[in-house]
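The sequence and structure come first.

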Amino acid sequence: ELNRARALTDKFLGRHLSSSSANPSPSPSHGLNSNVEVVVRRTGFCGLNNGSTSLPMGFEFGHGATIPLMNPSFAYEMPYDKSALVDVALAAMDELIKMAQMGNPLWIKGFGDGMETLNLEEYKRTFSSFIGMKPSGFTTEATRETAMVPLRGLALVDTLMDANRWAEMFPCMISRAVTIDVLSSGKGVTRDNALQLMEAEFQVLSPLVPIRQIQFIRFCKQHSDSVWAIVDVSINLSNAANALMFANCRRLPSGCVIQDMDSKYSKVTWVEHSEYDESTVHHLLRPLLSSGFGFGAQRWIATLRRQYSSLAQLMSPDIHGEDINTVGKKSMLKLAQRMAYNFSAGIGASSVNKWDKLNVGNVGEDVRVMTRKNVNDPGEPLGIVLSAATSVWMPITQQTLFGFLRNERMRNQWDILSSGRPMQAMFSVAKGPGQGNCVSILRGAAVNGSDTNMLILQETWSDACGALIVYAPVDASSIRVVMNGGDSSHVALLPSGFAILPGVQTDGPSMQPDIDENTSDGCILTVGFQILVNSVPTAKLTVESVETVNHLLTCTVEKIKAALSVTQLGSVE
């Protein structure tokens, strides 16, 4: 056992244990070297190699490396010790497994929604920090959620270990993700012991919540034939970069434990644990984040289940829809997916689209206005694009607001650009179970016998953690090509729409207008528009263009309030 442990450590840490040991071949009576003890204790490899004589570990790397970091804030090459990151990964995996398995008193279940939140005092007694002390002024958010998900465990592992597929799976939560370095590709198709350095931008669909840019390591471990665990933890590659690395957030050991239950379902336990600077968040959104509904485990699980239901629908040979063939339906769903992704990127000021923020005197402080130029992307109109977004409190339920905004027959009550014409749905393609989870094509009713060549592509969904209504005008001829199974990547569209975030009950006097502190019958509405203000990319943006889009934003909110007989609404003064 000692020889196996020494060989394991040689591979795992990239160095020979005997070089740091007084006795190159210690006998069992001498005890294990501390490095070996760490490996055995943290990995439990004796019980995880399924009786095989081969070692399950497979980390192949040298002592040091130099990587180019992508964010402009880190636009210099930074050396780092890979073996040190392995030690952090092992400690993070150990903590994740314990947090996934332990119950009360570490986790406290809520009375109303049943969400499990972390008992911080018990956490401090149980675990010791290995990534440094909590930054001064930071707030903790930590939640856990367990659910059955309609997929095989290895399929989820493959998605999470691929930065692009991970971002596509959670488009409303991840605006950008990239793998900076692969320290270990893992063992075969199982991805056992895969370890990689990543960077991602996490977002809530509101301009009042800053994007969380986090650099972290992701470690995958297969614990048995049917159980995997994947853990993330923020890293600090050098003391000099500390202030930049944890500018507004850091991620403590977070991730999921995945267990295959049968050929169709897996049991997923998700743990999300972060510390963040609450002072950077508008106080309208602070209860949402502190409760875990913003970045918490429940939101990850809800998104995962909804997305895999949609994926199953996309891969199904029989997609429920009207008047178009299966290939056309799949092509339309892909177009809607791109539309929703671009809408989310525009709301959160993601670095993907290189938005430039504008400060205009007559635009409210709760409204974010940005601009960018499209010179050669065929997926959207060429020219200068202006984006405007804001979030407001609505003292009505998420279900009521979602039902109103997604109903095409009521659209003319808030859509200024529809010119008051009633809308009708030409057809709809279901994306999964539940009413309102679909992609539709809308058409304005003919006025004075004249028909329109412009249609509306709309996607809607709702779950326990929020809802989305996103739409874009599209040319009728382009949609016909898509419906016949043609390439949707060249359909030019600029998405606008609404994101609805759940209302959260708070303790003490409410900071939100028109809401009693004893009720949570309300929600937060984010309104976002992307408008082409000039078709010439080299043209200069005018103040009048900014004022026009801001006026469109304000009038839309007011029309929604009037239609729902809601008064005195708005973002917090």
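Across the whole structure, a search finds 18 salt bridges, each being a side-chain nitrogen of Lys or Arg within 4 Å of a carboxyl oxygen of Asp or Glu. The model is predicted: local features need pLDDT of at least 70 and side-chain atom pairs pLDDT 80 or more, while totals for chains, interfaces and linings use all residues. Residues are numbered from 1 along each chain as its sequence is written, and side-chain values use heavy atoms, without hydrogens and water.

| Salt bridge | N to O distance |
|---|---|
| Arg 176 and Glu 199 | 3.5 Å |
| Arg 251 and Asp 232 | 2.5 Å |
| Arg 306 and Asp 463 | 3.1 Å |

Arg 306 and Asp 463 are both buried, that is, under 20% relative accessible area with a 1.4 Å probe, counting protein chains only. Arg 251 and Asp 232 also belong to a network of salt bridges with shared partners, together with Arg 218 and Glu 272. Both Arg 251 and Asp 232 are buried, and Arg 176 and Glu 199 are both buried.

Helix H11 (residues 398–406) has Gln 398, Leu 401, Phe 402, Phe 404 and Leu 405 as its buried residues. Viewed down the axis of H11, these fall within an arc of 165°, so they line one face of the helix; the arc is taken from the directions from the helix axis to the C-beta atoms. Helices (H or I, at least four residues) and strands (E, at least two) are DSSP runs numbered from the N terminus. The cover over the buried residues of H11 includes strand S18 (454–463) and helix H13 (543–563), where contact means heavy atoms within 4.5 Å.

How values were computed. Buried means under 20% relative accessible area, exposed over 50%, partly exposed in between (1.4 Å probe, protein chains only).
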